[in-house]
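Please keep the sequence and the coordinates at hand while reading.

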Amino acid sequence: MKLLMICATFPYPPSRGGTQVRTFNLLKQLSYHHEITLVTQKAEDVTNEEVGALKHWVKTLMLFPRPAHPTTGLLQKINRFSQFVITGTPPNVSFLYDQSIQNWLDEAVENNYFDVITCEHSVNEIYIRPHWKNKIKTILNSHSSVYRTCKHQLETKTSEDPQRDRLYLPLLKRYEKRVYQKFSHIVVTTEEDYQQLKEFNINSQVSVLPNGVDLDIFPYRNSDPGGHHLIITGGMDYVTNIDAACFFSREIFPLLRQQYPDVTLTIVGANPAPSVVRLGEEPGIRVTGKVPSMAEYLHKATVCVIPLRSGFGIKNKTLEAMATGVPIVASDRSLEGMEVDGKNTPLKALRANKIEEYVQGITDLFEDEKLRQTLSKNGREYIENNFTWERLGREYEKIMDLID
């Protein structure tokens, strides 16, 4: 079958971020059985080597320049908000729009070049015309609800700009309800996002397709290193990860140091923001920046802490830590879409949302080797049985009606 995938974010390498991880790995699985044309945009930091590597996985790569980031002056912000009110499209979506991409897509649909169109992330919806779903199957692979995310950040006081987000919230709700109606089928990553769509009363089909893990890149570790070594992972230029790293380092880690003077915290992730870099000046904390292998750092950790306070959707960092066999202490936000505890459920992670719960969970794991082994074994089996990209690629094909 001939598939057209649209992803404004250049989806390679898959280590670059959440959008890239999900998009590339699903694309890779689909490429084994179907002809894929990928429409994407090339930012300045995308190398020719990365373009060449991505071409290996697609029949045709349609590469367009990515617009420069908009200016951040007060007048520009007012103008962007005004356009949001008038057009109903958020600024982070409209600024990526390229008329040349639209022209190419219009011609492709008019001439029946493809059997299915997928938008890999909701920001790409801007190119889909509502009447297309009467002619071709159109799928929106929504990584998480922007409305739910904004609402939760306001509720938990983790918003970067509360004043702006209070203005945006009703507009985002209106936007999502309208956009989802354009598609034949909506794909979300968690049951929670599925329930949100039910509240919107949309008439499109909806399926849940979680994220996965490449088990070759995240192998199970050979042994438990013991000790008192903590790790936090994720792109450290992303607001939810920045907040999580700062919250844990400032509010929780000092309490652990009182109990365990030798405790260490390694913060691993590309492009650390200045506030994250400064954490490395504190005793016991190391900030690495980008590393060649995340799995190597996970294997050395006694416990992986995932203290997200906002953000929705299933988290790659949680899946990856479980795959490597590192015991986890994580928040509800970090465990969304996963069954890790509760009645008749084998324990796969310790849940923490309050400071004292993090301290207790980490202490329990430091002191109890058997508990670490239990979480390690159960977590890895859970990933193997539910979250491999091979399995999820086949499920994606079923959603597209490409296989039975």
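## Overall architecture

The model is predicted. The protein contains 15 helices and 13 strands. Its C-alpha atoms occupy a box of roughly 65 × 50 × 45 Å along the principal axes. The radius of gyration is 21 Å, which agrees with the value near 22 Å that a compact globule of 404 residues would have.

Of the 404 residues, 54% are buried. Among contacts with a separation of 6 or more, 68% are between residues 24 or more positions apart. The accessible surface amounts to about 18,400 Å², and carbon and sulfur atoms account for 48% of that area.

## Helix 15 and its surroundings

Which residues of helix 15 are buried? In this helix, which spans residues 389-399, they are Trp389, Leu392, Gly393, Tyr396, Glu397 and Ile399. Viewed down the helix axis, these buried residues fall within an arc of 155 degrees, so they line one face of helix 15.

After helix 15 comes Asp401, which has a positive phi near 65 degrees.

## Cysteines

How many disulfides are found in the whole structure? The search finds zero. A disulfide is a covalent bond between the sulfur atoms of two cysteines. For Cys7, the closest cysteine sulfur belongs to Cys119 and is 9.6 Å away, which is too far for a bond. The cut-off for a disulfide is a pair of cysteine sulfur atoms within 2.5 Å.

Cys304 is likewise in no disulfide, and the nearest cysteine sulfur, in Cys246, lies 17 Å from its own. Cys7 is buried, with a relative accessible area of 1%. Cys304 also counts as buried, because its relative accessibility is 1% and the limit for a buried residue is under 20%.

## Backbone features

Most residues other than glycine have a negative phi, and most peptide bonds are trans. Against this background, several positions deserve attention. Tyr12 and Pro13 are joined by a cis peptide bond, with omega about -5 degrees. Pro13 belongs to the loop between strand 1 (2-7) and helix 1.

Two asparagines have a positive phi: Asn112, at about 55 degrees, and Asn271, at about 50 degrees. Asn112 lies in the loop between helix 5 (99-110) and strand 4, whereas Asn271 lies in the loop between strand 9 (264-268) and helix 10 (274-279). Asn112 counts as exposed because its relative accessibility is 55%. Asn271 counts as exposed because its relative accessibility is 53%.

Ser334 is located in the loop between strand 12 (328-330) and strand 13 (350-351). Is this serine buried or exposed? Ser334 counts as buried because its relative accessibility is 0%.

The side chain of Ser334 makes a polar contact of 2.9 Å with the side chain of Ser331. When residues up to four places away in sequence are not counted, Ser334 touches Ile306, Pro307, Leu308, Lys315 and Thr318.

Asp243 lies in helix 9, which comprises residues 239-259. With a relative accessibility of 16%, Asp243 counts as buried. Apart from neighbours within four places in sequence, Asp243 is in contact with Thr158 and Arg309. The C-alpha atoms of Asp243 and Glu357 are separated by 18 Å, and these two residues are 114 residues apart along the chain.

Glu49 is part of helix 2, residues 48-55. At 62% relative accessibility, Glu49 counts as exposed. Between Glu49 and Lys300, the separation is 251 residues in sequence and 31 Å in space, C-alpha to C-alpha.

Note on methods
Residues numbered from 1 in each chain as written. Predicted model: local features only at pLDDT ≥ 70, side-chain atom pairs only at ≥ 80, totals over all residues. Heavy atoms only, no water. Helix = DSSP H or I, 4+ residues; strand = E, 2+ residues; numbered from the N terminus. Buried < 20%, exposed > 50% of the residue type's maximum accessible area, 1.4 Å probe, protein only. Polar contact = N/O pair within 3.5 Å; in protein donor to acceptor, adjacent residues only side chain to side chain. Contact = heavy atoms within 4.5 Å. Arc of directions from axis to C-beta. Rg over C-alpha atoms; globule rule 2.2 N^0.38 Å. Areas by Shrake-Rupley, 256 points an atom, 1.4 Å probe, with all protein chains shown as cover.
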